[in-house]
Amino acid sequence: MNKLVVVGDKFNEFAKLDGTITLSQLAIMAQMPAKVFNIKNHLFPGLGCKNDEVSKFSISNNSPEHLDLSSLFSFYGNNFAPNIYTHQHNTYNVLIGQAKKLDQSNFELPFILDERNMLMGDHQTGSHVQGMIITEAFRQTFIAITEEFFLAKENKKDTYFVINEMNVNFENFLFPLPAIIHFELLDIDQNNYRSKLKAKITIKQAEKICATMLTSYVVYPAKELLEKESKLAKDAVALYLTEYKSFMA
């Protein structure tokens, strides 16, 4: 049996490696007659594929005898349900799946990636996942974990996250292959008004840590923070108009 990893089309450089193909290339293979292939091809899931296209492919495909698609369909069907707590309106932009609680302070989530993500719209090496995508995945992680597990039900709506610190350390390249994000709560201080948290977040692939983030942030009621933000914005506009010449110097 021949083993192939399927990745999104934008990871074209990665797909030049032996044992890798793009989703578009897989679609072509599926249309070819089985007699063209000497052995059966077992397709393994990589990242970057358009989830809806994989779903349509699994529904319309009539299980070609030269392709074993079970692992690909299972992965995209089970791991790619977007996390609903990320504050993202477009599912293409969600970078994390459903969270699994390990204990009171530790959680795990699958890293997911659709090549239509807003951060993949421009410069791409075609091989590894960019650092800014990892950083955004970490940001979504602490928002989602906090909302799902650490906020009272009545406070889950209309929250406003204020980030005080995000320190990211990149250790190894992250490639378009399955990866797991781990969230560890380091400290929490809550009262009726706000929640202050510190956390360590890591992403691991093939037993290697690819990146780590140390972060601290505060969750406030949105209404009160928006009022404060509006006042500060007005002050900024007034200062800019008053000191326009110095700003332009």
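The 25 positive and 28 negative charges of the protein chain have mean positions 1 Å apart. Lys and Arg are counted as positive and Asp and Glu as negative, while His and the chain ends are not counted; each charge is placed at NZ of Lys, CZ of Arg, CG of Asp or CD of Glu. The model is predicted: local features need pLDDT of at least 70 and side-chain atom pairs count only at pLDDT 80 or more, whereas totals for chains, interfaces and linings use all residues. Residues are numbered from 1 along each chain as its sequence is written, and side-chain values use heavy atoms, with hydrogens and water left out.

Along the principal axes, the C-alpha atoms of the protein chain fill a box of roughly 75 × 50 × 35 Å. The chain exposes about 14,000 Å², of which carbon and sulfur atoms supply 53%; accessible areas follow the Shrake-Rupley method with a 1.4 Å probe, and for residues only the protein chains shown count as cover. Of the 249 residues, 41% count as buried, where buried denotes under 20% relative accessible area, exposed over 50%, and partly exposed in between (1.4 Å probe, protein chains only).

## Secondary structure and sheets

The protein chain comprises six helices and 10 strands. These elements are DSSP runs numbered from the N terminus (helices: H or I, at least four residues; strands: E, at least two). Among contacts (heavy atoms within 4.5 Å) between residues at least 6 apart in sequence, 68% join residues at least 24 apart.

An open sheet of four strands has the order E2-E1-E3-E4 with parallel pairing; two strands are taken to pair if DSSP finds at least two bridges between them. Strand E2 (20-22) and strand E4 (67-68) are its edge strands, each pairing on one side only. Strand E1 (residues 2-7) and strand E3 (residues 41-45) run parallel and are joined by five bridges, with His42 of E3 as the bridge partner of Lys3.

A further open sheet contains six strands in the order E5-E6-E8-E9-E10-E7, with antiparallel pairing. E5 and strand E7 (159-170) stand at the edges with a single partner strand each, so one side of each is left without a neighbour in the sheet. E7 runs antiparallel to strand E10 (residues 208-221), and 11 bridges join them; the bridge partner of Glu165 in E10 is Ser216.

## Nonpolar core

The largest nonpolar core has 59 residues, and those with the most contacts inside it are Leu26, Phe111, Leu113, Ile181, Phe183 and Ile203. Helix H4 (residues 131-150) gives the most to this core, with nine residues. Such a core is a set of buried Ala, Val, Leu, Ile, Met, Phe, Trp, Tyr and Cys residues joined through side-chain atoms within 4.5 Å. Beyond residues up to four places away in sequence, Leu26 touches Val6, Ile21, Leu43, Phe57, Leu67, Leu69 and Leu72.

## Two loop asparagines

Asn79 is located in the loop between helix H3 (70-78) and strand E5 (100-101). Its relative accessible area is 28%, so Asn79 is partly exposed. Not counting residues up to four places away in sequence, Asn79 touches Ser74, Gly97, Pro110 and Ile112. Asn79 and Val94 are 15 residues apart in sequence, and their C-alpha atoms are 13 Å apart in space.

Asn117 lies in the loop between strand E6 (106-110) and H4. With a relative accessible area of 2%, Asn117 is buried. Apart from neighbours within four places in sequence, Asn117 is in contact with Tyr92, Asn93, Val94 and Leu95.
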